[in-house]
Each structure stands twice: as structure tokens, then as C-alpha cells.
Amino acid sequence: MEPVILEFYHVSGLAKKGFVLSDISFALPAGYIMGLAGKNGAGKTTLIDYIVNPKQRYNGVISIQGEDIRKDHAAMQNKIGFVSEKNNFLLEHSAAQNAKIFGMVYRHFDYERFLSAMRQMELSETKIVGKMSRGEQMRFQMAFAIAHHPAVYLLDEATAGMDPVFRIDFFRILQKVIEQEEASVLMTSHIAEEIEQKMDFTGILTDGHLSSFQENGALNTTQYFSNTY
Amino acid sequence: MTTDRTKKFEQKKQRELIRAFDQEMLSLQTYGLPVSWRTGLHRFMAVFFLIFPVQAVYGSGEWTAFWFLMLSWSILAPTNYISIFLYLKENTRLVPFSQKIKYLPVDPKQLRLVRIGYLLQFLGQTLPVSLIFQCLTALIFYQTLSLFNILHVLFFGGILPFLITGASIWFQIDL
């Protein structure tokens, strides 16, 4: 039985204004990829924000490797590899400079591993981050995340903007990394083919509520997408 | 007991990491003037108006204006100095430092403590210099030195900038 890496236990948002999640519960074991699907505004990015943003207020428990993330949120960030448009790096400096500086604050950042991951992502470490395309920025962030050995990778629309050919390689690299490191991946996606073929589990969010959480194969994602979209 | 000791050790280690991180960030930023020159200029600003002996304006009509000037100046110098640790220059814009490190494993409390530490270091260097010059100019030009000279420097060169700039640091780090 694989250990549970990420768990949501009856998580409901407490914000008085704006969008809140409602009674979300699921457990993601090590070595698996979970997809989060749903319409625009369903709460996919919000769910990820609940994990990475220490200011989020909610009832329930979100835990990584059995530890409540609110206990020491800053230390928990060591266990999270976050890939998103929201992630902020130094735009006027190269990928290598960013990695050297931001890597300093991580417990287990390995610069050689970062360079190796950049090669796999087919990106030069001398490229200026602000001059990268969206897809390249996601790949850079993924290389940075791999370098600090997280327990869980949170990918928010990371593959949008990636060319279809590279996307195949991307998932191959991802699968290899999580198998070697006993990590897990939680990713949001709008791409039906990706959800059907690449995810081990799929959660469907509807208006902040997890309306479905199943192993792929059991869930007819084609029917879901044709009904939803 | 051991857990508390471990926690304190971790917090100390985090502060050391943050200081090293700050040095690397500073080395990448361009401010027009080199950082050491900028810091020197801010120290000069902090000390300059405190050189004038309070006897020069005491009892005169300029007293209110002088106090207002001291109030602004005593906050301006340390605030300008500390701004290089609160904001980054990016594409001609100033971006809050806390925005860049939002998703990093950096404890906001330790980050604030490090910045307060820089402020204390700055004031710790300027305050004694201001005190010496205030006393010297009072003795040279007015042949008198009162407790008021010393309290004036302690308030405008230490207490006030520490409280105002310190509070500003605490609230500007939005993590």
C-alpha cells in the first residue's frame, strides 16, 4: 500500500467574500498523478491556492505526508513543487541565476539536478526568464521544482502552451520523477485527452464541490466533457 | 525543551539563509549608485540634521518648523535605506519583495526579524555618530550641553525611526 502524500479532509473555505471550496475530501497516494477538471470558475486554481497560500482560511485539514500544512506552512513549502503562472521569478535574470538564488532557501536544492532537468526540458539555463514563452516558463519552473525534491508537484495549467510533441516527453519525465522519488502530482487541465490518458485519478470540481473522484477508466471523461462543455 | 531548542536553531538557520539570500539579491539589482554608496548616503542623511545643536532653534520661531523637519527626516533616511530589502526593481517597476518569495519556504516572521535587524544595525551606526556631533557642536558653539541635546538625538535618531520604520517593515511584508 503506497503512502498517502496529499490529503484533503473535509476542507471548506471560510472566506466571507469571493469563491470558496465546499467539503473537499480526497487522498492522493505516492507515485500517482491526479487531474483536476471542471469548468472555468469551478475552483481548480482555488484548490491549489489552498495548499500554497498560507493566508487561505478554511475548516478541515490539508496534509502533506501526514502533516497538517498549517502547522508550519513555510517549512511545508519545501515539500511542494509549484508550477503556475502565479509563481514569481526574477524576470530580468537567467534561469540559472534564478535557480542559484531561489534554490538557496530550500533544504534540499540540487543545482546539478536542476541543470539536468533543464536539459530534459530542452531549455537553456542562460535564457532570461522574462523572455521565455509561457510554455518555456512552465518547463523552467518544472525543472526548478524537480531540483528541490518535493513530495508533491502542483501544476496549474502547466501543459497549456506546450507543444503536443513535447507534452508526451513532459509526462514521461514526470512519471519517471514521481516513481523514483515516491512523489505525487496534482494538476489542473482543460485537455480532455490528457485527463483520459495521463491521469491515474481524476477529480471533477463543480462550483467548489468535488462532484466526482475516480480512477481513470472508471470515469467516462469523454461523456463528462461533452456534457460539461 | 529539546523541541524548543531545535525550533530556535531552525529559526536562527533560516535567518542566516535569508541574509545570504538578501546579499545575492542585492548583487543582482542595479540602483544607479553602488549599494555601498547608497547606504553611505542614507547614513549621511540620518546624521546630517542631528548635527545642529538644539540650542540653535530653542525658543526661536523656527522651533515648530525644525521639529517638523526632524520628524520627516528621521523617518525618511532609514525608510529609504530599508526599501532595498522590501522592493525589487523589475522592468522599471518596483515589485514588493514579498511577492517574489510568496511560494518559497521562507518564514514571514523570520523575514521581518531580519529586516528589523538591518534597521537596528543602521540606527546603531548612525545614532552614536549623531550623538557625538550633537554634543560637540553644542559645546563648541554654545559652550553648553544639556540633557535635552541627548534626548533630542535619542528620540529623532533612534526611537522614532525605529518605531515608524519598524512598523512599516512589519506591515509591508505581506506574506
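At what angle do helix α5 (residues 108–142) of chain B and helix α6 (residues 147–172) of chain B pack? The tour comes back to this after a look at the whole chain.

This is a predicted model, in which local features need pLDDT of at least 70, side-chain atom pairs count only at pLDDT 80 or more, and totals for chains, interfaces and linings use all residues. Residues are numbered from 1 along each chain as its sequence is written, chains are lettered from A and ligands numbered from 1 in the order in which they are written, and side-chain values use heavy atoms, with hydrogens and water left out.

Select chain B. It holds 6 helices and 2 strands (DSSP runs, H or I of at least four residues for helices and E of at least two for strands, numbered from the N terminus). Along the sequence their pattern is α-α-α-β-β-α-α-α.

Next, select residues 108–142 and 147–172 of chain B. These helices, α5 and α6, pack at about 165°, with axes 9 Å apart (axes are lines fitted to C-alpha atoms, for helices over the stretch in contact, and angles run from 0 to 180 degrees between N-to-C directions). α5(B) and α6(B) are therefore roughly antiparallel (over 145 degrees).

Now show chain A with chain B. The contact takes 23 residues from chain A and 22 from chain B (heavy atoms within 4.5 Å). About 2,200 Å² is buried between the chains, 65% of it from carbon and sulfur atoms (accessible area, 1.4 Å probe, lost by two parts on being put together, summed over both). In chain A, pick N88(A), M104(A) and V105(A): they lose the most area to chain B, together 27% of what that side buries.

How values were computed:
Parallel < 35°, antiparallel > 145°, perpendicular 65-115°, else oblique.
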